[in-house]
Amino acid sequence: MKKCDCCGRELGQYDDLYLVNDGLSGERYECYNCHVDKLENGSETSCECCHELFDYENLKVNPENGIKELCPYCGKVWCE
């Protein structure tokens, strides 16, 4: 049985489970409540291009403008 890495709640077969930072530093599984909370408080996002979930801190700097805005997975601007 999986557990939420944020709150520790055990997740059943029908609970939503979200993998955040897949293959990156801070990789974790989150339950629906923790996932929504992190999206709403602005610590986590998803890329509009590849739809991967990650923490804002994992965004990469765009060498063309010096802004931290590139998705760590697909390398495109994560949000237009």
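Biologist: What makes Trp78 count as buried?

Modeller: Buried means under 20% relative accessible area, exposed over 50%, and partly exposed in between, with a 1.4 Å probe and protein chains only. Trp78 has 16% relative accessibility, so Trp78 counts as buried. Please note that this is a predicted model, in which local features need pLDDT of at least 70 and side-chain atom pairs count only at pLDDT 80 or more, whereas totals for chains, interfaces and linings use all residues. Residues are numbered from 1 along each chain as its sequence is written, and side-chain values use heavy atoms, with hydrogens and water left out.

Biologist: Why is Tyr56 called partly exposed?

Modeller: The relative accessibility of Tyr56 is 31%, and therefore Tyr56 counts as partly exposed.

Biologist: How many aromatic pairs does the structure hold, and what makes two rings a pair?

Modeller: There are two aromatic pairs. Rings of Phe, Tyr and Trp (its six-membered ring) pair if their centres lie within 6.5 Å; planes under 30 degrees apart count as stacked, over 60 as edge-to-face and the rest as tilted.

Biologist: Are Phe54 and Tyr73 buried or partly exposed?

Modeller: Phe54 has a relative accessible area of 0% and is therefore buried. Tyr73, at 28%, is partly exposed.

Biologist: Why is the pair of Tyr56 and Trp78 called edge-to-face?

Modeller: The planes of Tyr56 and Trp78 stand at 90° and the ring centres are 5.6 Å apart, so the pair is edge-to-face. Tyr56 lies in the loop between S6 and strand S7 (60-61), and Trp78 in the segment after S8, 22 residues apart.

Biologist: How do you know that Lys2 lies over the face of Tyr29?

Modeller: A charge sits over a ring if NZ of Lys or CZ of Arg is within 6 Å of the ring centre and within 35 degrees of the ring normal. Lys2 is at 4.2 Å from the ring centre of Tyr29 and lies over its face.

Biologist: Which elements does the protein chain have?

Modeller: The protein chain has one helix and eight strands, running β-β-β-β-α-β-β-β-β from the N terminus on.

Note on methods: Helices (H or I, at least four residues) and strands (E, at least two) are DSSP runs, numbered from the N terminus.
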